[in-house]
Each structure stands twice: as C-alpha cells, then as structure tokens.
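The following exercises concern the geometry of a protein model.

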Amino acid sequence: MAKITPFKAVRPKRSVANLLASRPFYTYKKHLLEAKLEGNPFTFLHVINPEFNKEDKTLPNSIERFQKVRNKYKDFHKLGYFVRDQKDYIYLYRQTTSFGTFVGIICGAAVEDVKNGIIKPHEKTLSKREETFKLYLDTCKFHAEPVLLTYKENNTIQSVKQSYLCKRPEYEFTTTDKKSHELWVINDSEDITTLTTEFSKLKDIYVADGHHRIASSKLYSNSTSKNDPLAHFFLSFFINEDELKIFAYHRFIKTIGKNTEAQLLEKINKHFKVVKHPKKFIPSKKHSIGLYLNKNWFELSVKNSSINEDHPTSSLDTQILSELILDPILGIKDLKTDDRVDFFNGSRDIKELINMVDKSKNGAAFILYPHIFSEVKKVADTKNSMPPKSTWIEPKIRSGLTIYEL
C-alpha cells in the first residue's frame, strides 16, 4: 500500500518564481551555466553553485562545498526570495511543452515503499554517487528536485486534479526553453485525504527518473531516527504513466579504433542485416538501429536468431547494441566507465550528434528507437536493470519550485 505525505513546501516568492526555478544544473553546458549565473541573481543555480565568481574554492561533492550550498540557501531565505507554507499541502504541477503536456502531484513519497517493492526501480545505482547524495542530504537538509514516479491513473485522483486545473494557478510562467509551468496548492483537507487514500490503494509505482536520489534518501532514512517523520520521505512528482514522454538515448562513439568502415560493417553483419541509406536514417521501429559513420548512413536490423525476445533485458535495443556491437567489436564493456562512449538524449536536435561525429577523427553514432514504458515496467517487475542511459524521460521538473526541507 503506497504512502504519500503532504508537506510544508519552501517556494519562490511569486514575483520571482520564473527567475528562481531552474533546470537541473547538470543539463546546462558550462558556458550557458555561467551566463545564467552572471545574468540572473535570483536563479536557484546560485544555491547549487555557491562559489561562482568566488576565489575560495572547495572540492566538488565535499562537505565544505555542501556547507556553502546550505549557507547560500539560507541567504536566499534572508533576501526574501522564498516563502514557506505554514501548513502541510500537496501541490499540482502542469508543464506544457512542444512534445506534450504533463500534469502530476508533488508530495513526499515513502522510503518504506522502496524497501517493500511498491516503488520499483529499473536501473542500478553507483555506491559512490549514493554516498555523495547522502552527504548532500546530511549537510544541506533539503530536496530541491523531485524524483519522477509514475503510476496507473484512477478516476478519483483524476477528478481531484481536474477540480484544481480549472482554477487560477499560484504560479504561471514560461521559461526560455519554451516550456510553460503552472503550480496549484492543494490546500483543502478533504482533497488531501482523498489523494492520500487513493494512493494507498496503489501496489505498483515505477521510477521514471531519479534512481540515485531515491538510493541516497534510503541511506539517509536508515541513518535517521524513526521519530523524525520528514526523514523517511523524499520529494516526488507523481504522473500518470500514459502521459510520460520517452526519448531514446543515442550512443556517440568517439573512435572505432583500428577498424575501417568496411571492417566494422563486416563484423556487424554477423548479427545484423546492414543496408546503406542515401540520406539520414532515423529508426522507426524496435530492433532497427541507425549508424552514422564517415558521413554515411546505415540501417542495422538485428537478425531474429541473435536476440532473445522473452528476456526482459536481452530484448532491449540498448542491450542488443552493447552485447552484439559495443562490447565484442569495439571493446566497450562498461558504459558507466569507458570514456570512448558518450550519450545523446533524443530530445535534442540530431544535427548536434551528426556534428559531433563529423568533428571526431573516426567516431560513429548509433541511433536508437525509443523504448516504450511497457519495456521499462517489465524490467522493473522482474527486478532486472536496464543498461545505463537507456531512456530520456520527460517531464523534467524545475529545481527550487517546491523544496522539501528535512
């Protein structure tokens, strides 16, 4: 039985909400991040990057750095950029983009539900990153970016959401990435009770994004007294699984090594039917992979004899690519550690990826067809893990919009 909790959110003052809430800092290229920090004194990026234009630098991911994050967060409070709700509420958020509209509930999700298997991950996490985020929580004492969780909608939850969508939102603004953001405060006690009751009926909740944040929250919960209820929940955004938008995660290979184009294609031909295309080729179905190499485009169609359709991970195109090409032919055995491979999310313009290959000495790009959510669920239900960077899932929620203090 899933458990959610309302909480007293720390939110931007209405007049600066559009300036304060930011994309996660890791989605910015360095020069764009610096431009944002230079030109916007209100952006939450200043909290996450407290040493901007400062001389006394600390080591990344150190307790000293996180203490500066905490101090900068306190400075934003003193400057009046934040307000804190005086009662526990649930929040409704809508994001409208060129590729879809996303509506969901922001609240606390229970660490206990991760432990008992109600909240189901589909990726493995790295212990080092778990410990880093745990240190962040120990020091900073807040969640600023919600984990993206998904579930099968029911009519009662939908009805509560619709009753607020017809009202004026607390926030309504558009950002430079051409996304519009709206937030409503669900402050009616009966509506809050209805939502918590309906969520308690859910038996299957899936992690769409935020595996390391969940793992670190679990570590934090384990190290904290049971008498501290806030410590045993983490900031989450619950969205109907039918509304998710899943993009592919393409692979950029910086070098194909000593292989010539002909040699590489000959080796690939063992498990794939290779067809050269006169122009750009983007896969339109599962088990079809695009290859861009030496300004040439190829379609790679995996042979039926080379795949196991019944296995939850072996049937995934990302796994097929690794098992049949990246590992045996190019010697790329670990996607997490091999610096010859980079990842390119499918929401970006494919021209950027083509330019990356063209600028490399003998690089290549493998273009993948997006996974569907039923594949993600199958992996999670069988307690398997997808290869790293298998999916880019939208929406991405702004950091600093509803902060959960520990």
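**Exercise 1.** Determine whether H7 passes H8 in a left-handed or a right-handed crossing, and describe how the axes of the two helices come together.

*Solution.* The model is a predicted one.
Step 1. Two packed helices are described by the angle between their axes and the distance between the axes.
Step 2. For helix H7 (residues 155-165) and helix H8 (residues 189-199), the axes cross at roughly 150 degrees and come within 9 Å.
Step 3. Angles over 145 degrees count as roughly antiparallel. H7 is therefore roughly antiparallel to H8.
Step 4. The crossing in which H7 passes H8 is left-handed.
Step 5. On the H7 side, Thr 156, Ile 157, Val 160 and Tyr 164 meet Asp 191, Thr 194, Leu 195, Glu 198 and Phe 199 of H8. Sorted by class, the contact of H7 with H8 has 5 nonpolar, 2 polar and 2 charged residues.

**Exercise 2.** Helix H6 packs with H4 and with H9. State the angle and the axis distance for H4 and H6, and for H6 and H9.

*Solution.* 
Step 1. Helix H4 (residues 63-78) and helix H6 (residues 127-140) have axes 9 Å apart, at an angle of about 45 degrees. This makes H4 oblique to H6.
Step 2. H4 passes H6 in a right-handed crossing. Residues of H4 in this contact include Phe 66 and Arg 70, and those of H6 include Leu 135 and Tyr 136. The contact of H4 with H6 has 6 nonpolar, 3 polar and 1 charged residues.
Step 3. For H6 and helix H9 (residues 211-222), the angle is about 60 degrees and the axes lie 8 Å apart. H6 and H9 are therefore oblique to each other.
Step 4. H6 passes H9 in a right-handed crossing. Among the residues that meet are Arg 129, Glu 130 and Phe 133 in H6, and His 212, Arg 213 and Leu 219 in H9. By class, the contact of H6 with H9 has 5 nonpolar, 3 polar and 6 charged residues.

**Exercise 3.** Which elements each supply at least two residues of the lining of the second largest pocket, and what is the volume of this pocket?

*Solution.* 
Step 1. The volume of the second largest pocket is about 470 Å³. Of its 22 lining residues, Val 114, Ile 119, Lys 120, Pro 121 and Glu 123 are the closest to the centre.
Step 2. Helix H5 (111-115), strand E6 (119-120), H9 and helix H13 (373-381) each contribute at least two lining residues. H9 provides the largest share, 4 residues.
Step 3. The lining of this pocket has 7 nonpolar, 7 polar and 8 charged residues.

**Exercise 4.** How many cavities of 30 Å³ or more does a search of the whole structure find, and which residues line the largest cavity?

*Solution.* 
Step 1. The search finds 1 cavity of 30 Å³ or more. The largest cavity has a volume of about 80 Å³.
Step 2. Its lining consists of Pro 24, Tyr 26, Glu 145, Pro 146, Val 147, Leu 148, Asp 209, Arg 213, Pro 395, Lys 396 and Ile 397. These residues divide into 7 nonpolar, no polar and 4 charged.

**Exercise 5.** What are the backbone features of the peptide bond from Glu 394 to Pro 395 and of Asn 294?

*Solution.* 
Step 1. Most residues other than glycine have a negative phi, and most peptide bonds are trans.
Step 2. The bond from Glu 394 to Pro 395 is cis, with omega near 20 degrees. Pro 395 belongs to the loop between strand E19 (391-394) and strand E20 (404-405).
Step 3. Asn 294 is not a glycine, yet has a positive phi of about 55 degrees. Asn 294 is located in the loop between strand E15 (288-293) and strand E16 (296-302).

Key: Residues are numbered from 1 along each chain as its sequence is written. This is a predicted model: local features need pLDDT of at least 70, side-chain atom pairs count only at pLDDT 80 or more; totals for chains, interfaces and linings use all residues. Side-chain values use heavy atoms; hydrogens and water are left out. Axes are lines fitted to C-alpha atoms, for helices over the stretch in contact, and angles run from 0 to 180 degrees between N-to-C directions. Angles under 35 degrees count as roughly parallel, over 145 as roughly antiparallel, 65 to 115 as roughly perpendicular and the rest as oblique. A crossing is left-handed if the near helix is turned anticlockwise from the far one by less than a right angle, and right-handed if clockwise. Contact means heavy atoms within 4.5 Å. Ala, Val, Leu, Ile, Met, Phe, Trp, Tyr, Cys and Pro count as nonpolar, Asp, Glu, Lys and Arg as charged, and the others, Gly among them, as polar. On a 1 Å grid over the protein atoms alone, a cavity is a set of points where a 1.4 Å probe fits but cannot get out, and a pocket is an open set with protein on both sides within 12 Å along at least five of seven lines; lining residues have an atom within 4 Å of a point. Grid points are joined across faces, edges and corners, and a volume is the space filled by probe spheres set on the points.
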